[in-house]
Every structure is written in structure tokens, then in C-alpha cells.
Amino acid sequence: IPVDNFDLVIFGGTGDLARRKILPGLFRRYCAGQIPEDAQIIGAARSDEGDEGFRKLVGDAVREFGGGRHCEDGTLENFLERVKYVRVDAMGDDGWEELQGRLRLGVVKAFYFSVGPSLFGALAERLRSFGLADDDSRVVVEKPFGHDLETARALNATLAQHFKEEQIYRIDHYLGKETVQNLMAVRFGNMLFEPLWNSQYVDHIQITVAETVDVGGRGGYYDKSGAMRDMVQNHLMQLLCLIAMEPPARFEPDAVRDEKLKVIRALDPVDYHHIARGQYAADDDQPGYRVHVGDPRSKTESFVALKCHISNWRWAGTPFYLRTGKKLRGRGSEIAVVFKDAPHSIFGDEAGRHNNILAIRLQPDEGMTLGVTIKEPGPGGMRLIDVPLDMSFAEALGAEAEDVPDAYERLIMDVIRGNQTLFMRGDEVEAAWAWTDPIIEGWNRRGEVPKPYDAGSSGPEDALMLMHRDGRKWREIK
Ligand code: BG6
């Protein structure tokens, strides 16, 4: 179903995120017939591209990152006709009148700030003063949304001077991932799981976002952030909220976001003994983290694992273990709900015991596995084994894995539709910082240095110990 006609302006339109995600995502939606024929996609940046130069950049980006194999010949050319460019000086006056002249009345207007947060204020102010934005326009902002609670508050306040909360779309691309949305469908669309979804039946929950990549060319940004700010404060917290929240009355933006906020506010402060922090070391042929970021003494973590508790009726007593890192053994993100043992084994302990695990795979091969205990086939008596009930979303949809829509495709269309359900509200972001800030301050105060871990491993020894001490173990990173 096509969305309403729109003008989308992408500030930072020539940048990395635009090339890798936003523009190819728009193209895929165009191929899917969701973008109206006369929509306008306008790149805005400092360089002098001109419409033709920008179209070339977009074409290249789509070819490189778009996986547009389902598009017929000529589709890319048609899409590029929708693409324009205006040279704009974010901090000055140049280009704003021209940009204003390109926008149309009577269509949805969205402004994507694909730029560093230091420009948010200047852009927001000029959008208003040059008359580009009105009370129905939308602005889209990317992470990092602040560096800590104080800076996040300041950003919220700056945006609030020019736009209402209903106009602000704070992206956490994890919320646009198909499986993450499926998590809500699984929880609230089935009778099967929700009655068991509490500390009476759930032993613990593990959330892992493991990456094989290093910090790449982003060392400058990353070294000031670390895994806690880059991943835990946003992506892992969002996953935690969705897995732990109470059922909202309706699948509507504020109903969902109110419940997520309650989870964050119910989180206990984390005991520093319950945190493992690591940094990938050099190995024989590859440099380590410190070389990548160009600081031989860097104390920034590229890995973090922690145990936390949610103090409410549903979850009191059930630990949540969170773990994320770069340069690990495999790329795999999953949420595992580990249920308690059956209260009594009628087959005797020799038969073996297994607790059910519901594993929700975010990537790769998005899907779900439920471990079920059955009898080992054959005449050998009653021995129990664990077998997976396995479901791959792509297979279930009869599609190929690369056809599962990318997070950005979904989120950009939601902006045009005016649906904020999968975007973070200002108070949520602040509450998340209020929880992570003391952890980071504690590290700084104690001058803590992250433990080195081998590239290709599953993180530092401390992370294993965190589980081991509790008589549990991490699921394997494959
Ligand atoms: C980004 C982080 O938000 O998410 C990156 O800044 C990280 O450091 C990326 O690599 C992971 O996203 P995905 O979708 O590849 O899991």
C-alpha cells in the first residue's frame, strides 16, 4: 500500500548512513510500490553535487548496498527521477531559500537529520526560520542521542524549542528489525507464552548482540563512546524493554512507549561486580583495538556483559544478562528466554533434564527456536533429549533471507505514515541514560581498564565468570 505523497529532505544526504541504509532502503520501498510516483527525495549537504551528481551517488549506493535484484530494468532510473539535491549550509544562510522553494504544499514533509548531534539545533532553527517546516512536519534524528543524561536532556530541550514531541522521530534501528517487531507479535498474539512470562517460570533471560567486525573507520567516535554507550544504552535496552514490558492496552505509540519506560525505570542500579568489560587485543596478524582507535592507552570497552534486575512484580528475582561486543567469534544476535526446570522429574535424574529455551534470533537468519524435551528415539529406555522446534521467518514467509525488509525501510515508511510506535520518546532516552551513566561514571572513578580478549573469542574470561558464579552459562556464539 503506497504511503501518502511526501517530500523527504535528508541532511547529510551524501554521508555514510545515507549511502548504506537510507537511500537503498528508499529504493527497495520504491520497488515494492510503496513510494508514490511523485514523491521527492532531496539530498542536502555542504558539497556541490547538483541534482545529477547526487543521482549518481544514489545510483551507486543502491547498486552497492541495495540488493535490488527484484527490480525490473528501468526502475532505478525512474526512482532517480524522484531524487534531487540542494547545497545547504547548516550553520549559515546559504541554500535554505532554494530548499524551501523545492518543497511542495499539501504533502507530508519529513526532515532526516543524518548528521552529528551538534548540528541538530542549527538545522531545527533554520527549518523554522526559513519557513520549511510547519506544525505537521516531521524530523528524524539518529543516534547517538546525547553522550549522557545531561547532553540528551539538552538535545531534547533544543528540539523541543522548535518541534512538538509528536513531530520528533528518534531512530533506534533495532526497533525496525523484523524480528524485534515479531517479538511483540509472539508475546501478545499468542496465548501460549504470556502466562509463563514471569519470574515464576523464567529462570533468566539472555540478550546477546555479537559482532565480528572491529571498530572500522569509526575509531574516533567509538573511542569516546564504547560498547556501553554505542550499544547497551540504546539497542540492548530497547530489546530488554520489549521482552520485559507489560502488555500495552493497544499497539499505539504512547501505549507501547509508556510500558517500555516503566521497565527502564524499574531497573535496579547495576552492582559493579556484575559487569564484565573487555577490549579486543591484537593477534598475530591483526592489530587490536588500541591500534584501530590510535590510542595506545585507551580505556574504552569494545565488549560489555552485565547482569541486571527489574524490580517489579513480574520480574523480581529473574536476572537479565546482557552482552555485546565487537571482534567476537560470530555475528549473532538473539534473545533467549530460559525457563525453569520442571519441578520434579518423573523419569529420574538419570534420564537427563533439560529446561526449555525460547531463542529469538535477530540476525542472521531471523527466526525463533523453542527447545522441547522429548524421549530419545529407539528402544534404549527412557532417556530425554532436547530438540529444537525451529522457525525461520524468511522460510515461513516463503522468501529469501535478503528479502526480509531492512530496519530502515520500515522506519522511514513509518515516519511518512506518522506512526511513532517504533521510535524512542524523549523521556525513554533520558531514562536509559540515567541508568547507564552511573555505570560509566563508576568505571571512570575507579580508573578501570577493560580486560583484553582475543579476537574471534566470546569475550573476556570475566564475562564467563559472571554466569558461572550463578551456576548458569551463556549460549554459544556461533
Ligand atoms: C550501530 C552501532 O548503532 O549498530 C554500531 O553504532 C553497530 O557500532 C551497529 O555495529 C550494529 O547494527 P546491526 O544492525 O548491524 O546489528
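The legends below describe close-up views of a predicted model. Local features need pLDDT of at least 70, side-chain atom pairs count only at pLDDT 80 or more, and totals for chains, interfaces and linings use all residues. Residues are numbered from 1 along each chain as its sequence is written, and side-chain values use heavy atoms, with hydrogens and water left out.

View 1. Helices (H or I, at least four residues) and strands (E, at least two) are DSSP runs, numbered from the N terminus. The C-alpha trace spans about 80 × 50 × 50 Å along its principal axes. Buried residues make up 53% of the 478 residues; buried means under 20% relative accessible area, exposed over 50%, partly exposed in between (1.4 Å probe, protein chains only).

**View 2. The largest nonpolar core holds 138 residues.** Such a core is a set of buried Ala, Val, Leu, Ile, Met, Phe, Trp, Tyr and Cys residues joined through side-chain atoms within 4.5 Å. Phe11 and Ile243 touch the most other members. Helix α8 (residues 219–244) gives the largest share, 13 residues. Domain 1 (6–142) and domain 2 (175–405 + 425–468) both contribute, so the core lies between them. These domain bounds come from an automatic or database domain assignment.

**View 3. Phe11 and its contacts.** Contact means heavy atoms within 4.5 Å. Leaving aside neighbours within four places in sequence, Phe11 contacts residues including Ala44, Val88, Trp96, Phe111 and Leu127.

**View 4. Helix α5 (residues 120–129) and its packing partners.** Phe120, Ala122, Leu123, Ala124, Arg126 and Leu127 are buried in α5. The buried residues of this helix pack against β1 (6–11), α4 (96–102), β4 (108–113), β5 (138–141) and α6 (149–162). Just after α5, Gly131 takes a positive phi of about 70°.

**View 5. An open sheet of nine strands with mixed pairing.** The order is β14-β13-β12-β11-β7-β10-β9-β8-β15. Two strands pair if DSSP finds at least two bridges between them. β14 (384–392) and β15 (451–453) stand at the edges with a single partner strand each, so one side of each is left without a neighbour in the sheet. Strands β8 (residues 275–280) and β9 (residues 303–308) run antiparallel, joined by four bridges. Gly278 stands opposite Phe303 in β9.

**View 6. Helices α7 and α8 lie across strands.** α7 (residues 178–189) lies across β11 (332–339), β12 (357–363) and β13 (367–375), at about 150° to β12. α8 runs at about 140° to β10 (320–325). Axes are lines fitted to C-alpha atoms, for helices over the stretch in contact, and angles run from 0 to 180 degrees between N-to-C directions.
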